[in-house]
Amino acid sequence: MAAAVISFSSGMPAIADLNKFEADTPGEFGIGSAAQFGSADLRKAVHVNENFRRANFTSADMRESDFSGSTFNGAYLEKAVAYKANFAGADLSDTLMDRMVLNDANLKDAVLVRSVLTRSDLGGALIEGADFSDAVLDLTQKQALCKYASGTNPTTGVSTRASLGCGNSRRNAYGTPSSPLLSAPPQRLLDRDGFCDQGTGLCDVK
């Protein structure tokens, strides 16, 4: 019985080696890099046009790093600090980017379709030409980005403002699934046509 157990477990990686095993296979179902950068110090690192699909960057320090043109489909970037990081032209679609610091980051022409950015800080981020279609953002963050959003994404052909739902639309007025506005919109925030004031999002109930 003991021999059988040893024989069965000998081909499986130990828990301590799990990250290396995932990276070598590579990744879930052999798809993607599954590279492990959780809590890693990546300050001023240069990884241009590289494949980080399904990689783990949870809580990584990515300040002033250059990941321009790289692919991050399905990657995990929760709580990562990417102050002044360069993601220009990067594919960040379907990524988990919640609680991420993206102050002054370069997201020019980046694709963030279906990405999750709840509680993330994009203050001062360059978003010209970025595509946020179906991305999940907090309403206050979306409003702030809409104040200066411009350009069209060269890959998807989608306008940045359109992808954020900027303007007088009910979709923008209700925010995102992370927003409590979905379940109980305050009366002063909405009217029949959505936003009244693009700067504050406030409306006078008639």
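Asp 94 and Arg 114 form a salt bridge, with their closest N and O atoms 2.7 Å apart. The two residues link distant parts of the chain: both sit in the loop between α2 and α3, 20 residues apart.

Before going on, a word about what we are looking at. This is a predicted model, where local features need pLDDT of at least 70 and side-chain atom pairs count only at pLDDT 80 or more, while totals for chains, interfaces and linings use all residues. Residues are numbered from 1 along each chain as its sequence is written, and side-chain values use heavy atoms, with hydrogens and water left out.

Now the overall picture. The protein has 5 helices and 0 strands, and from the N terminus its elements run α-α-α-α-α. Helices here are DSSP runs of H or I with at least four residues, strands are runs of E with at least two, and the numbering starts at the N terminus. Helix α2 covers 18-24 and α3 covers 139-146, and much of my talk is about the loop between them.

How much of the protein is buried? Of its 206 residues, 42% count as buried. Buried means under 20% relative accessible area, exposed means over 50%, and partly exposed is in between, using a 1.4 Å probe and protein chains only. The accessible surface comes to about 10700 Å², and 53% of that belongs to carbon and sulfur atoms; the areas come from the Shrake-Rupley method with a 1.4 Å probe, and for residues only the protein chains shown count as cover.

Let's return to charges. Side chains of opposite charge can pair when their charged atoms come close. In the whole structure there are 6 salt bridges. One of them joins the side chains of Asp 61 and Arg 43, at 3.7 Å from N to O. Both residues lie in the loop between α2 and α3, so this pair ties together parts that are 18 residues apart in sequence. Asp 61 counts as buried, at 16% relative accessibility, whereas Arg 43 is partly exposed at 47%. These two also belong to a network of salt bridges that links Asp 41, Arg 43, Asp 61 and Arg 63.

A further salt bridge pairs Arg 99 with Asp 98, their closest N and O atoms being 2.9 Å apart. Asp 98 is buried, with a relative accessible area of 12%, and Arg 99 is partly exposed at 39%.

That brings me to Glu 78. What Glu 78 does have is a polar contact of 3.3 Å between its side chain and that of Thr 58. A polar contact is a pair of N or O atoms within 3.5 Å; within protein, one must be able to donate a hydrogen and the other to accept it, and residues adjacent in sequence count only if both atoms are side-chain atoms. In soluble globular proteins, nonpolar side chains tend to be buried together. The largest nonpolar core here has 40 residues, and those with the most contacts inside it are Phe 57, Met 62, Phe 72, Phe 87 and Phe 132. Such a core is a set of buried Ala, Val, Leu, Ile, Met, Phe, Trp, Tyr and Cys residues joined through side-chain atoms within 4.5 Å. Take Phe 132, which is buried with a relative accessible area of 1%. Leaving aside neighbours within four places in sequence, Phe 132 is in contact (heavy atoms within 4.5 Å) with residues including Leu 112, Leu 145 and Leu 164.

Last, the backbone. Most residues other than glycine have a negative phi. Glu 64, however, has a positive phi near 60°, and Asp 104 has a positive phi of about 60°. Glu 64 is partly exposed at 43%, and Asp 104 is partly exposed at 38%.

Notes. A salt bridge is a side-chain nitrogen of Lys or Arg within 4 Å of a carboxyl oxygen of Asp or Glu.
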